[in-house]
Protein chains: 2
Amino acid sequence: MNPEKIHAIIKARRIDAFLVSNLKNIQYLTGFTGSSAYALITKDRRFFLTDFRYKEQAEREIKDWDIIIQKGKWIKTIYSLIKKSGIKRLGFEVTVSYVFFEILNKSGAALVPLKNLVERLRKFKTEEEIANIKEAVQRAERAFLNIKHLIRIGVRESEIAKRLDEQLKKAGCRKAPFDIIVASGINSSMPHAKFTEKKIESGDLVIIDWGGESNGYFSDMTRTLLIDGSNLSEKKKIYKIVNAAREKALTTAKEGVKTRDIDRSARDVIKKAGYAKFFGHATGHGVGLDVHEAPSISYLNSERISETMVFTVEPGIYLPGLGGVRIEDMVLIQNGIAITLTSLPRELEIIKQR
Amino acid sequence: MNPEKIHAIIKARRIDAFLVSNLKNIQYLTGFTGSSAYALITKDRRFFLTDFRYKEQAEREIKDWDIIIQKGKWIKTIYSLIKKSGIKRLGFEVTVSYVFFEILNKSGAALVPLKNLVERLRKFKTEEEIANIKEAVQRAERAFLNIKHLIRIGVRESEIAKRLDEQLKKAGCRKAPFDIIVASGINSSMPHAKFTEKKIESGDLVIIDWGGESNGYFSDMTRTLLIDGSNLSEKKKIYKIVNAAREKALTTAKEGVKTRDIDRSARDVIKKAGYAKFFGHATGHGVGLDVHEAPSISYLNSERISETMVFTVEPGIYLPGLGGVRIEDMVLIQNGIAITLTSLPRELEIIKQR
């Protein structure tokens, strides 16, 4: 990330400085991976604030910023920096807590709320970021392939989740983007079930939703498998519909298209099949340093898709008492069209009893 | 948690309702473990709001609350509930984002900022909570004992962290409270180092900081080991000082004592030994549904220790270029005194080469 962009934005917004408080935004701007920091950017200077615990780490990770170690209460360090730098109009991120806003408001500077300033930059991925996301996808896929044999009758959801987690770590992921979901049978109709001690049974739909990581960048994917059994026809039917919806969203996703049109294209497939009310979530979301970030692929969002955006496409149908299907891929907009980053097969796989 | 307490607080504060937005506070009040929810409590009613994805989970987990499924934008569901319930004065948690405060402010109700209302209740643990925390401690200890043999010359920090993480999962922990720290040699002088590809070497101090989980409740502990080698005298010396500081804090921690006096008691031991400036963090913090929660055992905090509080005691000395020592135990205030929940030994263990 080139911090000159931020200096230019500060000048354009007619503020004297911008206080960055969101840790992922700070990581994006500075490279710092610790859990306690602020960044204060003026028209021509960049201050990085952290506490004693991260002194050495900050000195190793951060180049071209003045590193300031906080003493006593955070806010005093910030007040003194505002005063010393002669800041009269201070931009702040609207994601700060109300209580932080209140104490910041006593600094003497006029506060200017700034919305999504860094988040907007983060939507467009650099080559390095894309390489990290691709690696995060590959790690997640390798891990899944190593535990796929466990998806069979008699194995507990919790066992699959634990083994998948182990494999993710083994593949090099330092952290998980979210708690792995393994939801089988009637549990699979809860889109955000985690996992239980339930054993997989004959005829179960099994949803696995997991992600990988590489250098702080995440991946996110879902596959649904079907365990052989009786009365599978509606389960097979909803799988086909969801897969068609996913395919439709993928072909709709092009540079210049509104995100809500991608959502609508997938939703229409499900609606025409008569399952509209069983697909209650958005079709996708951006992925990067946060596993859920801009752009939201939602019917509420009218922003347009651009080159280098990375996001998920994940339609689903969830039938209480029967089970659910979700198929989630990650895509990258490259040369105007959506390239699928996820390579695991999407055709329905029916697991036969061995 | 008895929600009647909240109704009583609402009446005492002369507000019509209280909107809870912090997810851990919501989990504490309702039992809900999902990641998208609000709770609105009036003088005599309790509304639980979540989205489509968590409908079934909410119905399973939550008793005695009216469950409302959000549609479209969150804020519209909240506005409509405020209107329907005739709420004129609405309390909100100051931890909400500034941007959420701004849109909530358009609801028509007068907003009353409330600070630490639920957090204050969470400081005092019930028997069930204590049982979960104890289980989280035991799981973390079992996991550590299963990987302790790896702490030896030639093993990478990353390998130890991965194997410890696997063992935590195997012990039953569904999530980790934080990224495991394995910091050896010069890395150990960074109090919040994570882990690197560095191999453990002769003469290294090795800090391991990790935690367990049980039913959403966390544990947090640190042990420092010394690898046999030459020039160990200052390393042994700072270990002794830190251990004495820990012991001192433990005996100081009693019902009625101010948390800052616990901090001071540990800090004085380190100060008298001449290492004051190498202990830059607070002596401890509360642990529960959050791994860092109230009370802070800090020189900035004048609140008093009470029965059923659970917190860490974790003094440290960090010498850049040489290494660091931290020893962290969890304690529970029971019958007026601090009971140590952590049972792993605290005496310096020197790992001989095999």
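Start at the boundary between the two chains of this predicted model. Select the residues where chain A and chain B face each other: 16 residue pairs are in polar contact across the interface, with both partners at pLDDT 80 or more.

Now color the helices on the chain A side. The elements that give two or more residues to the side touching chain B are α3 (55-61), α5 (98-104) and α8 (157-170) of chain A. Select α8(A) by itself; with four residues, α8(A) gives the most to that side. Next, color the chain A side by residue class, and you will find 19 nonpolar, 10 polar and 14 charged residues.

**The salt bridges**

How many salt bridges are counted between chain A and chain B? The count is two. To see a salt bridge up close, select Asp165(A) and Lys169(B) and show their side chains. The side chains meet at 2.7 Å, N to O.

**The whole contact**

Chain A supplies 43 residues and chain B supplies 45. Together the chains bury about 4000 Å² between them, and 59% of that area lies on carbon and sulfur atoms.

**The two copies**

Zoom out until both chains are in view. Two copies of a chain are related by a rotation about an axis and a shift along it.

**Backbone stops**

Most residues other than glycine have a negative phi, and most peptide bonds are trans. The next stops are about these two backbone features.

- Select Ala294(A) and Pro295(A): the peptide bond from Ala294(A) to Pro295(A) is cis, with omega near 0 degrees. Pro295(A) is in strand β13 (residues 293-297) of chain A.
- Move to chain B and select Ala294(B) and Pro295(B). The peptide bond joining them is also cis, with omega near 0 degrees, and Pro295(B) is in strand β13 (residues 293-297) of chain B.
- Select Asn116(B), in the loop between β6 (110-114) and α6 (117-122) of chain B. Phi of Asn116(B) is near 60 degrees, a positive value in a residue other than glycine.

**Confidence**

Last, color chain A by pLDDT. The mean for chain A is 95, and 99% of its residues reach 70 or more. Where pLDDT is low, the predicted coordinates should not be read in detail. For the complex, the predictor gives an ipTM of 0.74 and a pTM of 0.80.

Terms used: Residues numbered from 1 in each chain as written. Chains lettered and ligands numbered in written order. Heavy atoms only, no water. pLDDT = per-residue confidence, 0-100. Contact = heavy atoms within 4.5 Å. Buried area = accessible area lost by both parts, 1.4 Å probe. Salt bridge = Lys/Arg side-chain N within 4 Å of Asp/Glu carboxyl O. Polar contact = N/O pair within 3.5 Å; in protein donor to acceptor, adjacent residues only side chain to side chain. Nonpolar A, V, L, I, M, F, W, Y, C, P; charged D, E, K, R; others polar.
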